[in-house]
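The sequence and the three-dimensional view come just below.

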Amino acid sequence: MNSKEVLEFASKNSAKILDLRFTDLPGLWHHISFPIQQLELSSFEDGFGIDGSSIRGWASIHESDMLLVPDPKTAFMDPFRDTPTLCMIGDVIDPITKQAYPRDPRHIARKAEAFLGFSGIADQAFFGAEAEFFIFDNIRFDQAAQHGFYFIDAEEGRWNSGREEHNLGYRPRYKEGYFPVPPTDHYMDLRTDMAMQMLACGLNVECHHHEVATAGQTEIDVKFDTMLKSADNMMMFKYIVRNVANQYGKTVTFMPKPLFGDNGSGMHTHQSLWLKGKPLFAGDKYAGMSQMALWYIGGLLKHAAAIVAFAAPTTNSYKRLVPGYEAPVNLAYSRRNRSAAVRIPVYSASPKSKRMEFRPPDPSCNPYLAFAAMLMAGLDGIENKINPGEPLDKDIYDLSPEELKEVPSLPGSLEESLRALEADHKFLLKGDVFSEETIQLWINYKMKNEVDAVRMRPHPYEFQLYYDI
């Protein structure tokens with residue numbers, strides 16, 4: 001839609017409220033609402049004033065005035081509000097310079113797409129992210145000076161099999177939750193409702209299913225789109241999933257590893273480049289890929305340790321990315337081995353379907369920053385013709401210790417990935433996509449508010465290990 005069509009769309013749907021969305025640095029959606037009468041054609045240039053001083057990773061108090069300029073291409077009607085509400089994503093603009101605000105994550109993704117076009121390599125990057133999540137019935141957690149705990153419950157959780165009160169069984173076993181039919185799959189109707197709401201809001205849903213873990217682990221796949229649009233779609237995806245679950249009296253988490261001893265939630269990210277409507281990743285090399293695709297993979301593997309500072313950006317992410325547990329920690333590529341960081345799907349021989357899948361990301365990431373970092377790494381691989389090495393087609397568990405030493409792996413903690421980003425980020429600075437200031441801000445924010453905050457607090461399991469030592 002263009003701006004004029006948005007006004008017609010609002011009128012057709014009897015919108016009473018305009019709700020503008022934007023994303024903070026860690027990746028949480030925020031919003032501000034206005035009576036619909038305040039939306040005019042001029043609003044799409046002049047924007048709406050907001051105070052950015054309390055947004056994580058944004059301006060200090062003395063330079064907090066911002067403009068939020070709605071993007072008409074992102075308009076949709078909110079299906080969860082009692083009053084008809086028109087929603088749009090806004091771009092953050094400095095009111096003095098009228099330039100895009102450099103800390104706006106969406107602006108960074110825009111610059112990555114612009115850099116792609118400027119490079120001449122391709123004119124479109126398509127991204128398709130498969131976000132997994134858990135559906136729980138109850139969550140309790142707290143942290144104070146003298147206590148710290150979490151307690152999760154889910155009707156579908158296998159741990160409830162021994163419950164005395166109303167108990168009908170039919171719960172997925174640990175690590176055996178992949179594709180069971182109802183009643184073992186408790187949430188088919190809930191997932192379908194989520195998918196229907198996504199379709200109503202303009203997302204192109206491909207399928208949904210139960211995932212491997214017990215306790216309601218779920219995946220809903222949305223069709224690939226251009227990089228910026230896919231990042232926008234992921235923000236809308238999370239919003240819809242959380243709100244539908246809330247209507248059912250459930251709660252959803254995109255935390256990558258909420259359960260011990262069962263699978264974590266990933267966000268495998270499919271990627272391909274196109275030029276003038278033609279796919280560039282199809283060819284006669286390994287698994288039907290082109291030389292360009294292999295160089296793109298080489299860039300991802302070379303910079304993977306830095307990429308995961310954005311793509312697996314929480315201390316909890318590294319509870320999922322643990323070697324030896326089928327996690328995609330091995331910096332190699334393969335058409336079949338899911339423990340490799342890069343997998344090449346072979347479901348179809350069609351050139352249009354040729355793509356690669358980067359598997360380390362998880363859904364706790366800010367998609368604008370994570371997608372931009374992946375694209376910049378891939379383009380660096382193409383520009384510098386980075387050889388990805390030989391594919392890893394063997395089962396990782398069949399490798400000898402000597403062979404395993406030859407396969408590099410991802411960082412083992414958020415701190416390690418942030419240090420890797422600090423040492424390797426020149427590829428992100430090309431085209432002014434990321435800035436030194438933004439990268440240092442990210443590292444400092446994550447170190448202070450997450451790495452150090454977790455490091456300073458006693459862990460509940462430490463009492464199991466050490467209380468009587």
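This is a predicted model: local features need pLDDT of at least 70, side-chain atom pairs count only at pLDDT 80 or more; totals for chains, interfaces and linings use all residues.

With a relative accessible area of 56%, aspartate 65 is exposed, and, leaving aside residues up to four places away in sequence, it touches Ile50 and Pro95. The C-alpha atom of aspartate 65 is separated by 6.2 Å from that of glycine 52, although the two residues are 13 residues apart along the chain.

**The second largest pocket**

Strand 4 also takes part in a pocket: strand 4 (65-70), strand 6 (85-93), helix 3 (105-119) and helix 5 are the elements that give two or more residues to the lining of the second largest pocket. That lining consists of 17 residues, and the ones that lie nearest the centre of the pocket are Asp71, Asp91, Arg106, Arg110 and Leu228. The space in the second largest pocket comes to about 230 Å³.

The structure has 2 cavities of 30 Å³ or more, and the largest cavity holds about 90 Å³ of space. The residues that line the largest cavity are Phe127, Gly128, Ala129, Leu203, Val222, Lys223, Ser230, Asn233, Met234 and Phe237. Strand 7 and helix 5 are the elements that give two or more residues to this lining, and helix 5 supplies the largest share, with 4 residues. Helix 5 itself is mostly covered, since 17 of its 21 residues are buried, and just after its end glycine 249 takes a positive phi of about 75°.

| Helix | Residues in helix | First to last C-alpha | Expected span |
|---|---|---|---|
| Helix 4 (188-200) | 13 residues | 18 Å | 18 Å |
| Helix 5 (227-247) | 21 residues | 31 Å | 30 Å |

Which residues of helix 4 are buried? They are Leu190, Arg191, Met194, Ala195, Gln197 and Met198. Seen down the axis of helix 4, these buried residues fall within an arc of 160°, so they line one face of the helix. An α-helix has 3.6 residues a turn, so residues three or four places apart point the same way. The face of helix 4 turned away from the buried side carries the exposed residues Asp189 and Ala200. The buried residues of helix 4 pack against several elements, namely strand 7 (124-136), strand 10 (205-210), strand 11 (217-222), helix 5 (227-247) and strand 13 (251-253). Just after helix 4, glycine 202 takes a positive phi of about 100°.

The loop between strand 9 (148-153) and helix 4 contains proline 183, and the peptide bond that leads from proline 182 to proline 183 is cis, with omega near 10°.

How many disulfides does the structure hold? The count is 0. For cysteine 87, the closest cysteine sulfur is that of cysteine 201, and because the two sulfurs are 7.9 Å apart, they are too far from each other for a bond. Cysteine 365 is likewise in no disulfide, as the nearest cysteine sulfur, that of cysteine 207, is 19 Å away. Cysteine 87 is buried, with a relative accessible area of 0%, and cysteine 365 also counts as buried, at 2% relative accessibility.

**Positive phi outside glycine**

Two further residues deserve a look for their backbone angles. Lysine 98 has a positive phi of about 65° although it is not a glycine; this lysine is found in the loop between strand 6 and helix 3, and at 54% relative accessibility lysine 98 counts as exposed. Aspartate 432, also a residue other than glycine, has a positive phi near 60°. Aspartate 432 is found in the loop between helix 12 (426-429) and helix 13 (436-455), and with a relative accessibility of 46% it counts as partly exposed.

Note on methods: Residues are numbered from 1 along each chain as its sequence is written. Side-chain values use heavy atoms; hydrogens and water are left out. The expected span of a helix is 1.5 Å times one less than its number of residues. Buried means under 20% relative accessible area, exposed over 50%, partly exposed in between (1.4 Å probe, protein chains only). The arc is that of the directions from the helix axis to the C-beta atoms. Contact means heavy atoms within 4.5 Å. A disulfide is a pair of cysteine sulfur atoms within 2.5 Å. On a 1 Å grid over the protein atoms alone, a cavity is a set of points where a 1.4 Å probe fits but cannot get out, and a pocket is an open set with protein on both sides within 12 Å along at least five of seven lines; lining residues have an atom within 4 Å of a point. Grid points are joined across faces, edges and corners, and a volume is the space filled by probe spheres set on the points.
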